[in-house]
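Work through the exercises below with the sequence and the structure at hand. Each task is followed by a stepwise solution.

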Amino acid sequence: MPAPAAPKRRPSRTSVPSHAEAAATRQGAVPGNETAKAPAKAPAKAPAGKPAPSRKSASSSPESTQRPTHRPKTILTISSKNYSSWSLRGFLLCRMAGLDFAEAQLSADDPSIRAELLLQASSFLVPRLDHAGLRIWDTLAIGEYLHEIAPEAGLLPKDRAARAHCRSICGEMHSGFANLRSALPMNIKAHHPGFKIWTGAQADIARIVAIWNECLTAHGGPYLFGAAPTMADAMYAPVCSRFTTYDVPLDPISAAYCATMLGFPAMQEWSEAARVEPDEMEELDVEF
Ligand SMILES: N[C@@H](CCC(=O)N[C@@H](CS)C(=O)NCC(=O)O)C(=O)O
């Protein structure tokens, strides 16, 4: 397989306002900082692994000598809503957990932003969650962290066997399906009826629909592990979007699952924002 070419350009918006609503299917928001606003760009430099100081805390006004009354900001850093499937997964996990958070949307193409991100953490990949003074990156780590702070949200199934299965298929998504990723990159705005699917990607598609069928049959749907969405649904949601974009023929169970996930309130919220995202990318060569 030829090495994928780097994307030509990426959207360069740097921030978007927080959406206050929590997932309709979840109860109770996890405390974050309800007043947090996303920074206009990546926050100021801080030692590696340490949260960057907020712009306000650098103020020399009299208030800055008073005890802080706000909790640290809860911010999910993401990139393009149209193209970044990992950002979407992080967003869905936060919504499913009922987390109250602001978004910071940035372009990883900007060298100065990359440099700042590398100073703040050992990875400049998104999604990245700043919560309660902690910085968590990598989608699986974010999912596990959210499950720890909001176990009642059910990001992992209660039953141990189901939980192990859920973690397994999350891991499979996280580390696998490279052919699907490169052949059918997420592009929420696009629609390619009759798209010719490369055989390498077909094997990935076959494995994914087998996973879905097994889960949906065992747990009765509409989500992979039953009546409420879990981490697994967040991990596979971008695949539902891809299957729609590239017109992938599906069995009835998988098609119904895709419809469920595309109708999931947080997914709709994300997709609506993706559709109005400025289209600065002329051609998409690889998923990012
Ligand atoms: N394994 C990581 C993957 C994250 C990832 O690849 N993120 C992409 C965006 S979707 C990224 O940040 N890319 C930065 C770049 O390409 O410069 C996770 O689970 O979060």
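**Exercise 1: a helix pair**

In this predicted model, Trp-86, Arg-89, Gly-90, Leu-93 and Cys-94 of helix H1 are in contact with Thr-139, Ile-142, Gly-143 and Leu-146 of helix H3.

Task: Sort the residues of this contact into nonpolar, polar and charged, and state how H1 and H3 are oriented to each other.

Solution.
1. The contact of H1 with H3 contains 5 nonpolar, 3 polar and 1 charged residues.
2. Two packed helices are described by the angle between their axes and the distance between the axes.
3. For H1 (residues 85–96) and H3 (residues 139–149), the angle is about 0° and the axes are 10 Å apart.
4. Angles under 35 degrees count as roughly parallel, and H1 and H3 are therefore roughly parallel to each other.

**Exercise 2: a residue of H3**

Task: Decide whether Ile-149 is buried, partly exposed or exposed.

Solution.
1. Ile-149 belongs to helix H3.
2. A residue is buried if 20 or more other C-beta atoms lie within 10 Å of its own, and exposed if 12 or fewer do.
3. Ile-149 has 14 C-beta neighbours inside 10 Å, so this residue counts as partly exposed.
4. As a further check in space, the C-alpha atoms of Ile-149 and Leu-99 are 9.6 Å apart, although 50 residues separate the two in sequence.

**Exercise 3: strand pairing**

Task: State in which sense S1 pairs with S2 and with S3, and in which sense S3 runs with S4.

Solution.
1. Strand S1 (residues 75–78) pairs with S2 in the parallel sense, over 4 bridges; Leu-76 lies opposite Glu-103 of S2.
2. S1, H1 and S2 together form a right-handed β-α-β unit.
3. S1 and S3 pair in the antiparallel sense over 3 bridges, and Ile-75 has Asp-130 of S3 as its bridge partner.
4. S3 and strand S4 (residues 134–137) run antiparallel and are joined by 4 bridges; here Asp-130 has Arg-135 of S4 as its bridge partner.
5. The hairpin of S3 and S4 has 2 residues between the strands, and Ala-132 in this hairpin takes a positive phi near 50°.

**Exercise 4: strand faces**

Task: Which residues point to each side of S2 and of S3, and are they buried or exposed?

Solution.
1. In S2 (residues 102–105), Ala-102 and Ala-104 point one way, while Glu-103 and Gln-105 point the other way.
2. All of these S2 residues are buried.
3. In S3 (residues 128–131), Arg-128 and Asp-130 lie on one side, with Leu-129 and His-131 on the other.
4. These S3 residues are all buried, and both faces of the strand are covered.

Terms used. Residues numbered from 1 in each chain as written. Predicted model: local features only at pLDDT ≥ 70, side-chain atom pairs only at ≥ 80, totals over all residues. Axes fitted to C-alpha atoms, helices over the stretch in contact; angles between N-to-C directions. Parallel < 35°, antiparallel > 145°, perpendicular 65-115°, else oblique. Contact = placed C-beta atoms within 7 Å. Nonpolar A, V, L, I, M, F, W, Y, C, P; charged D, E, K, R; others polar. Pairing = 2+ DSSP bridges. Right-handed = clockwise from strand over helix to strand, strands pointing away.
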